[in-house]
Amino acid sequence: MTYDVVVLGLGGMGSAAAAHLAGRGQRVLGLERFGAAHALGSSHGGSRIIRQSYFEDPAYVPLLLRAYELWEQLETDSGVDLMTLTGGLYFGRPDSLTVAGSLRSAQQWNLPHDVLDGTEMRRRFPTLTPADDEVGLYEDAAGFVRPEATVAAHLSLAARRGADLHFDEPALQWSATADGGVRVTTAADTYTAGRLVICPGAWAPVLLADLGLPLTVERQVMYWFQPEGGVGPYAPDRHPIWIHGGPERQLYGFPAIDGPDGGAKVAFFRHGAVTTPDTLDREVHPDEVAFIATDVGRILPTLPGRFLTAAACMYTTTPDEHFVIATHPHHEQVTVACGFSGHGFKFVPVVGEILADLATEGTTTQPIGLFDPRRPAFVD
């Protein structure tokens, strides 16, 4: 069978692209190297932060505002609760990227927010103990989304809209055809289509090798601790999502969102060893737990408490830590999307919409110039 579009990779971005494309009447084939549960890439871990006062760059804010609209639409279309707003606190020294960058985005886009000193942060959020010389930006429009449930919701919508979804069928290679289409070969079959959307996650260095992108895959670990005295003070209506910009590294965490025995999740923001999907160490070691426990204990008085569990995943990042979303520079029938790890999951619905735009129209009204694979940051 010949398809209109083949989507390679059905994690966060690929599942969203498949759902949007099928919703536009395209004949879609989705190919995924793992099963539908998708717990071996970068779209797992129970929760991902969603926020608007974006310290990475104010250019992301319009995409975030559209993403929020699409998160609500996805919940309506799927009937699944995916996004929970808890408020978000981003704190550290006033000149830290976490604080200064968040304030810059909030001011540039007139986003509602409060600037709090150390005393006020401790009063409003007694689970946290920022230093006296630290300040924080708080916004109500922040919280978390559920990654596994999001992927499942998009896959369900894609299938309901007519997409063929093949799991445990990794793509071995792809090529452009003489008639302006594409050919994709897997271990099971070869498929042809008019268009190709590649959302390879940590497999981008292989599947997009012809682009020569300076991508780095890093091992990252998520940790869950049971607070001393229980999770009551960490309930989502009492404890916000938070990001602390320390002098050496960023640390972030969540409310207790998985019941009385689920603990509170914390992790470092980009602090991992370089790896590949084939060599990823999925075991979390005692020294790693002890290391993050020391950092957590400095800013949350009832953590680390008791260690519960941990999980490894992979970040795939670019040198400037911005995404890659574009039509392939050498093949106009191919759309590529990668380099999202660290801060990409909150954009899943809008990236799916953008990829559908590029695959069907060749352009998009969304601002994606920052994500050009030919940008100066990629030039040696």
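# Pockets, cavities and contacts in a predicted model

The second largest pocket is lined by R219, Q220, V221, Y223, F268, H271, G272, A273, E288 and F291. This is a predicted model, in which local features need pLDDT of at least 70 and side-chain atom pairs count only at pLDDT 80 or more, while totals for chains, interfaces and linings use all residues. Residues are numbered from 1 along each chain as its sequence is written, and side-chain values use heavy atoms, with hydrogens and water left out.

## Pockets and cavities

Both kinds of space are found on a 1 Å grid over the protein atoms alone: a cavity is a set of points where a 1.4 Å probe fits but cannot get out, a pocket is an open set with protein on both sides within 12 Å along at least five of seven lines, and lining residues have an atom within 4 Å of a point. Grid points are joined across faces, edges and corners, and a volume is the space filled by probe spheres set on the points. In the table, Ala, Val, Leu, Ile, Met, Phe, Trp, Tyr, Cys and Pro count as nonpolar, Asp, Glu, Lys and Arg as charged, and the others, Gly among them, as polar.

| Space | Volume | Lining residues by class |
|---|---|---|
| Largest pocket | about 340 Å³ | five nonpolar, five polar, seven charged |
| Second largest pocket | about 180 Å³ | five nonpolar, three polar, two charged |
| Second largest cavity | about 50 Å³ | five nonpolar, four polar, three charged |

Helices (H or I, at least four residues) and strands (E, at least two) are DSSP runs, numbered from the N terminus. In the second largest pocket, the largest share of the lining, four residues, comes from β13. The largest pocket has 17 lining residues, and H244, G246, P247, D295 and R298 are the closest to its centre. Two or more residues of that lining come from each of β14, β15 (250-253) and α7 (286-299), and α7 gives the most, with three residues.

There are two cavities of 30 Å³ or more. Residues lining the second largest cavity include R146, W224, F254, D258 and K265.

## Helix packing and an aromatic pair

Helix α2 (residues 61-78) packs against helix α8 (residues 348-361) at an angle of about 100 degrees, with the axes 7 Å apart. Axes are lines fitted to C-alpha atoms, for helices over the stretch in contact, and angles run from 0 to 180 degrees between N-to-C directions. The angle therefore makes α2 roughly perpendicular to α8 (under 35 degrees is roughly parallel, over 145 roughly antiparallel, 65 to 115 roughly perpendicular and the rest oblique). In this contact (heavy atoms within 4.5 Å), L63, R66, A67, L70 and W71 of α2 meet V348, P349, V350, E353 and I354 of α8. Eight of the contact residues are nonpolar, none is polar and two are charged.

The structure holds 18 aromatic pairs. Rings of Phe, Tyr and Trp (its six-membered ring) pair if their centres lie within 6.5 Å; planes under 30 degrees apart count as stacked, over 60 as edge-to-face and the rest as tilted. One of the pairs, F91 with W242, is tilted, at 6.5 Å centre to centre and 50 degrees between the planes. This pair links distant parts of the chain, since F91 lies in strand β5 (residues 88-92) and W242 in strand β14 (residues 241-245), 151 residues apart.

## Backbone details

Most residues other than glycine have a negative phi, and most peptide bonds are trans. A cis peptide bond joins L303 and P304, with omega about 10 degrees. P304 is in the loop between α7 and β17 (306-317). D168, a residue other than glycine, has a positive phi near 55 degrees. The loop between β9 (164-166) and β10 (171-176) holds D168.
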